[in-house]
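Hi there,

Here is the structure I promised to pass on to you.

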Amino acid sequence: MSKLLIQGGKTLSGTVRISGAKNSAVAIIAACILFRGETILENVPKISDVQILLHIMEQLGAKIHWLNEESVSIEVPDQIEYSARYEEVRSLRASNLLLGSLLGRCGKAEVALPGGCDLGPRPMDLHIKGFSKLGATVETKNDYIQAKADHLTGAFIYLDFPSVGATENIMMAAAMAEGLTTIENVAKEPEIVDLANLLNSAGAKVRGAGTDIIKIEGVPELRTPHHTIIPDRIEAGTFLAAAAMTGSNLKLENVISAHLNPVIAKMRESGVIVRPNGSDIYVKGPNELKAVNVKTLAHPGFPTDMQPQIMSMLTIANGTSTIVENLFEERMKAAPELCKMGADITINGNIATVHGVKKLHGASVMAKDLRAGAALVIAALAAEGETEINGLTVIDRGYYQMEEKLAQLGATVRRVD
Ligand code: EPZ
């Protein structure tokens, strides 16, 4: 098992280029099943979640090749497998996004249910409700979801919750359905807009992405697009939190600062200086952070994917902060590990109370999920002494070349396999 050794207590400096967005890339790669022929995607993060999904696409019959570090060609043949039953599918939550594109393209889809996720139960009821409204019959049997439809017809769908994955899956299934599909109470994350832009560049008619209501006029055929994936707002937010916690002056390149508005607002509230400038963001960590209260909500609320990272930051803020996690039941796994580093955090259900301490100290800790791992990396950069972060594979899922980027900023970090 790989681990990171980080010698903390140093300020960082310099420039870091943010990679393409993981949560956009996985939806957009799955959507490529809708396009017969070769699709070229740019600004693709070469993270393990993307590599696993591309491998699953190959097993379905697509031809994949990386044109360079960040561009990939995905060639989908006329005949493509509709059943994704591989072990890899279970390891990757995002593989459930294949349901919408396979159903939209082949009229049937069979995808292994993602394994027990480390964030708690990950239901699929809203996805299934959407597919059924479009005319598909959907069954869940021995941990597979099977969906099939002789004919997909546009429908009115109201989502009980603005689920990102359900919104994306229904968009993909509806793109070539006959007639108009209206989806209300949809997710408004930037990744939804990126997917809509991809579909429209392929000839789809998707309107309203980024608002509460998306309307899709089905079209008979889609052509192969050429698309650049948006920058990763969560990776960018993670580096903002690193600068905040180490009192560093950093420049982030290749970001869309508007995607980070809820994160930037909270950082500023805590005393961090954040200055967007075109596709860059300048950030300066203050001598002392102020305690703040955080509630995670669907976009444009504060993103749950930044909750562990801001928890880290607040462990050394002046005062007591309260963090309420409203999206996932099991998303406070960074807390006990941060306490091993000297943090003072009390968890009560979905509420974390963080009493700021002067300094954290190094320890041997375990990354239990992707963002909890990122939170430990940030804490290790600020902690006195050396921290050993075990369970690196979860961090590799969502951060491309994390240690290289940190080393470039002056951090003392070493990967040990
Ligand atoms: C996406 O997951 C992201 N993953 C997650 O990022 C992110 O945390 C989440 O959206 C929320 O923003 C990808 O895009 C690959 P949801 P998703 O459906 O689509 C409930 C990361 O760290 N729900 O918006 O699975 C669900 O239980 C990952 O990058 C239902 O009740 O999230 C949860 O409480 C983690 N029924 C809430 O909605 C459903 O059918 C949000 O889930 C679907 C979801």
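**Around the ligand**

A polar side-chain atom of D125 sits 2.7 Å from a nitrogen atom of the ligand. Before you go further, please keep in mind that this is a predicted model.

In the side chain of S163, an N or O atom is 2.7 Å from an oxygen atom of the ligand. V164 uses its backbone instead: an N or O atom there lies 2.8 Å from a ligand oxygen atom. On its own the ligand has 820 Å² of accessible area, and the protein covers 87% of that.

Which elements give two or more residues to the shell around the ligand? They are helix 1 (22–31), helix 5 (125–133), helix 6 (164–174) and helix 12 (370–382). In total, 23 residues surround the ligand, and the closest are D125, L126, S163, D305 and L327. If you sort the shell by class, you get 10 nonpolar, 5 polar and 8 charged residues.

**Helix packing**

Two of those shell helices, helix 1 and helix 12, also turn up in the helix pairs I looked at. A packed pair is described by the angle between the two axes and the distance between them.

Helix 1 packs with helix 7 (residues 190–201) at an angle of about 30°, and their axes are 9 Å apart. Angles under 35 degrees count as roughly parallel, so helix 1 and helix 7 are roughly parallel to each other. The crossing of helix 1 past helix 7 is right-handed.

For helix 8 (residues 233–246) and helix 12, the angle is about 25° and the axes are 8 Å apart. Helix 8 is therefore roughly parallel to helix 12. Helix 8 passes helix 12 in a right-handed crossing.

**Backbone details in the loops**

Most residues other than glycine have a negative phi, and most peptide bonds are trans.

The peptide bond from H299 to P300 is cis, with omega near 10°. You will find P300 in the loop that runs between strand 18 (294–295) and helix 10 (307–314).

N254 is a residue other than glycine with a positive phi, near 65°. Its loop lies between strand 15 (249–253) and helix 9 (261–269).

Q401, also not a glycine, has a positive phi near 55°. Look for Q401 in the loop between helix 13 (392–396) and helix 14 (402–408).

Key. Residues numbered from 1 in each chain as written. Predicted model: local features only at pLDDT ≥ 70, side-chain atom pairs only at ≥ 80, totals over all residues. Heavy atoms only, no water. Near = heavy atom within 4 Å. Polar contact = N/O pair within 3.5 Å; in protein donor to acceptor, adjacent residues only side chain to side chain. Areas by Shrake-Rupley, 256 points an atom, 1.4 Å probe, with all protein chains shown as cover. Helix = DSSP H or I, 4+ residues; strand = E, 2+ residues; numbered from the N terminus. Nonpolar A, V, L, I, M, F, W, Y, C, P; charged D, E, K, R; others polar. Axes fitted to C-alpha atoms, helices over the stretch in contact; angles between N-to-C directions. Parallel < 35°, antiparallel > 145°, perpendicular 65-115°, else oblique. Left-handed = near helix turned anticlockwise from the far one by under 90°.
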